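Welcome! Keep the picture beside you as you read.

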Amino acid sequence: GSKDEQRDPIHVEQPLRGDQVPQLFFNPTLANEGNTSTLQPCYYGLNRFFRSTIDAKKGDDTTLRHFVVNLLAHTLPGGRPFCIMDYMRNELRRVMVGPNKHLPSAPYIKYMIEKVTKVTFPKDHKHAPLHLRPR
C-alpha cells in the first residue's frame with residue numbers, strides 16, 4: 001500500500017560494511033571480518049530467517065554480502081522501516097542477472113499477486129515451515 005511505498009528502499013543505499021554497524025556483533029572488534037559467526041544471536045537468527053525468505057542468497061552462509069548488513073541495520077532498535085516488497089523486487093532483478101542466486105521469496109510474491117489481483121492460483125505443493133535451530 002501507500003504506507004509501504006513511503007518506507008526506505010534499501011537498494012538505493014550504499015551497502016554497509018560490518019564495522020559501520022558494530023552493534024550487530026557481539027564483539028565490535030570482530031565486525032571488520034564481516035561474517036555471520038560474529039553476529040549477536042538475535043541478528044544471527046534474523047540473518048538466517050532473511051536468507052531463507054526474502055534475501056535470495058545461496059552458497060557461503062558465513063559471509064555478509066550485498067545489502068544484508070543494511071537489512072539487519074534496519075532491524076536494530078530505532079531502525080527505519082523499509083519497503084519489503086521493494087526489497088524483494090530488487091532481489092528479483094538481481095536474481096535474473098546473477099546465475100548464482102535463487103528466489104526463496106517466490107511464495108511471498110505469489111501471495112502478494114493473489115492479494116492484489118484477487119486471483120487464486122492452484123497450488124500443487126505445500127511449503128514446510130522454516131524451523132531455525134540454535135547454533
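## Two salt bridges

Let us start with a pair of charged side chains: Asp19 and Arg17 meet in a salt bridge, with 3.2 Å from N to O. Because its relative accessibility is 32%, Asp19 counts as partly exposed. Please keep in mind that this is a predicted model. Why might such partners be found together? Side chains of opposite charge can pair when their charged atoms come close.

How many salt bridges does the structure hold? There are 2. Another one joins the side chains of Arg80 and Glu13, at 3.1 Å from N to O. This pair ties together distant parts of the chain, since its members are 67 residues apart. Arg80 sits in the loop between α3 and α4 (84-97), while Glu13 sits in the loop between α1 and α2. With a relative accessible area of 47%, Arg80 is partly exposed.

## The overall plan

Now step back and take in the protein chain as a whole. Its secondary structure comes to 5 helices and 0 strands, so the pattern along the sequence reads α-α-α-α-α. Of its 135 residues, 36% count as buried. The accessible surface of the chain comes to about 8,900 Å², and carbon and sulfur atoms own 58% of that area.

How do parts of the chain that are apart in sequence meet? Take the contacts in the protein chain with a separation of 6 or more: 61% of them are between residues 24 or more positions apart.

## How confident is the prediction?

The protein chain has an average pLDDT of 80, and 87% of the residues score at least 70. Which elements mark the two ends of the confidence range? Helix α1 (residues 2-5) has the lowest mean pLDDT, at 73. Helix α3 (residues 68-74) has the highest, at 90.

## Pairs of aromatic rings

The model has 2 aromatic pairs. In one of them, the rings of Phe49 and Phe50 have centres 5.9 Å apart. Their planes are at 55 degrees, so this pair is tilted.

## A buried asparagine

Next, look for Asn47 in helix α2 (residues 41-52). Its relative accessibility is 3%, which means that Asn47 counts as buried, the cut-off being under 20%. What does Asn47 touch, once its neighbours within four places in sequence are left aside? Its contacts are Thr36, Leu39, Leu64, Val68 and Leu72. Two of these names, Val68 and Leu72, fall within the residue range 68-74 of helix α3.

## Helix α5 and the residues after it

Our last stop is helix α5, which spans residues 106-117 and includes Met112. Met112 counts as partly exposed because its relative accessibility is 31%. Together with Tyr111 and Val116, Met112 makes a nonpolar surface patch of about 300 Å².

Ile113 lies in helix α5 too, and its relative accessible area of 39% makes it partly exposed. Not counting residues up to four places away in sequence, Ile113 touches Lys118 and Phe121. Lys118 belongs to the segment after α5 and is exposed, with a relative accessible area of 71%. For background, most residues other than glycine have a negative phi.

Terms used. Residues are numbered from 1 along each chain as its sequence is written. Side-chain values use heavy atoms; hydrogens and water are left out. Patches are made of residues with over 30% relative accessible area and no salt bridge: like charges are joined within 9 Å, nonpolar side chains (Val, Leu, Ile, Met, Phe, Trp, Tyr) within 5 Å. Accessible areas come from the Shrake-Rupley method with a 1.4 Å probe; for residues, only the protein chains shown count as cover. A salt bridge is a side-chain nitrogen of Lys or Arg within 4 Å of a carboxyl oxygen of Asp or Glu. Helices (H or I, at least four residues) and strands (E, at least two) are DSSP runs, numbered from the N terminus. Buried means under 20% relative accessible area, exposed over 50%, partly exposed in between (1.4 Å probe, protein chains only). pLDDT is the predictor's confidence in each residue, from 0 to 100. Rings of Phe, Tyr and Trp (its six-membered ring) pair if their centres lie within 6.5 Å; planes under 30 degrees apart count as stacked, over 60 as edge-to-face and the rest as tilted. Contact means heavy atoms within 4.5 Å.
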